[in-house]
Amino acid sequence: MSFLTNLFARAEPVLSEATARDTPAIAALHAASFARGWSEDEVERLLSEHSVLTHRAMAGSALAGFIMSRIAADEAEILSVAVDKSFRARGLSKILLALHMRRLAGLGVRTIFLEVGETNDPAAQLYAGAGFEEVARRANYYDDGSGRTTDAVVLRRDLF
Ligand SMILES: CC(C)(COP(=O)(O)OP(=O)(O)OC[C@H]1O[C@@H](n2cnc3c(N)ncnc32)[C@H](O)[C@@H]1OP(=O)(O)O)[C@@H](O)C(=O)NCCC(=O)NCCS
């Protein structure tokens, strides 16, 4: 690892709103984090939607994580959250989610929904810790690519 890479790997990532310029990095991190990654076109389209809010965590010039939601009236759906493998288990998704929720509340959102695979322990832990509760299940919703399916758990968090 170079001196600079080392330095940024230790520094606290800086959080801010993402822009269209983050498209390649977000698409790459999404592809590395999920069985079906988003293409750059999909990410670019999402980032350009007025109803989509995205926060990023930057470690120097490298994307360490992001979180993205779509807002409809006073509800929001978290579309994705991912943290680069080298930054996981350090509390980064918790601070991304906390900032994102504060910003959603400031925009008038009262309720947040999302879907998560039933076997995704880090995500389940993240959302339980932030006060999300299970409200529904979709049986055999996710296919891990090897023929095995898992349920999707629908989670909800009221902000007010
Ligand atoms: C889910 C994900 C975003 C968590 O990011 P992270 O920055 O590593 O998570 P944090 O360090 O903020 O930890 C969040 C919670 O998960 C727990 N956690 C972290 N890694 C874990 C693991 N491997 N197994 C179980 N729990 C874990 C933490 O202890 C923490 O809970 P706590 O506050 O009760 O201690 C990350 O694992 C990821 O990018 N996964 C791939 C993409 C994905 O599955 N996204 C979620 C889709 S809904």
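Reply: Buried residues make up 28% of the 160 residues in the protein chain, where a residue is called buried if 20 or more other C-beta atoms lie within 10 Å of its own, exposed if 12 or fewer do, and partly exposed in between, with the C-beta atoms placed from the backbone. Please keep in mind that this is a predicted model, in which local features need pLDDT of at least 70 and side-chain atom pairs count only at pLDDT 80 or more, while totals for chains, interfaces and linings use all residues. Residues are numbered from 1 along each chain as its sequence is written.

The protein chain contains 5 helices and 7 strands, where helices (H or I, at least four residues) and strands (E, at least two) are DSSP runs numbered from the N terminus. In sequence order the pattern is α-β-α-α-β-β-β-α-β-α-β-β. The radius of gyration of the protein chain is 16 Å, close to the 15 Å that the globule rule gives for 160 residues, so the chain is as compact as a globular protein of that length; this radius is taken over C-alpha atoms, and the rule is 2.2 Å times the number of residues to the power 0.38. The C-alpha trace spans about 50 × 40 × 30 Å along its principal axes. Two residues are said to be in contact if their C-beta atoms, placed from the backbone, lie within 7 Å, and among contacts with a separation of 6 or more, 57% join residues 24 or more positions apart.

Now to the core itself. A nonpolar core is a set of buried Ala, Val, Leu, Ile, Met, Phe, Trp, Tyr and Cys residues joined through C-beta atoms within 7 Å. The largest one here has 31 residues, and those that touch the most other members are Ile26, Phe66, Ile67, Val81, Leu104, Ile112 and Leu155. Two or more residues of this core come from each of α2 (23-33), α3 (40-48), β2 (52-59), β3 (62-72), β4, α4, β5 (111-117) and β7 (149-158).

Helix α2 shows how an element can present one side to the interior. Its buried residues are Thr23, Ile26, Leu29 and His30, and seen down the axis of α2 they fall within an arc of 140°, so they line one face of the helix; the arc is that of the directions from the helix axis to the C-beta atoms. As a general point, an α-helix has 3.6 residues a turn, so residues three or four places apart point the same way. The buried residues of α2 pack against α3, β3 and β4, whereas the face turned away from them carries the exposed residues Pro24 and Ala32.

Loops can be buried as well. Val109, in the loop between α4 and β5, is buried, with 20 other C-beta atoms within 10 Å. Not counting residues up to four places away in sequence, Val109 touches Ile71, Asp74, Glu75, Ala76, Leu104 and Leu159, and its C-alpha atom is separated by 11 Å from that of Ser69, 40 residues apart along the chain.

Val14, in strand β1 (residues 14-17), counts as exposed with 11 C-beta neighbours inside 10 Å. Ala73, in the loop between β3 and β4, is exposed too, with 10 such neighbours, and has a positive phi of about 55° although it is not a glycine. By way of background, most residues other than glycine have a negative phi.
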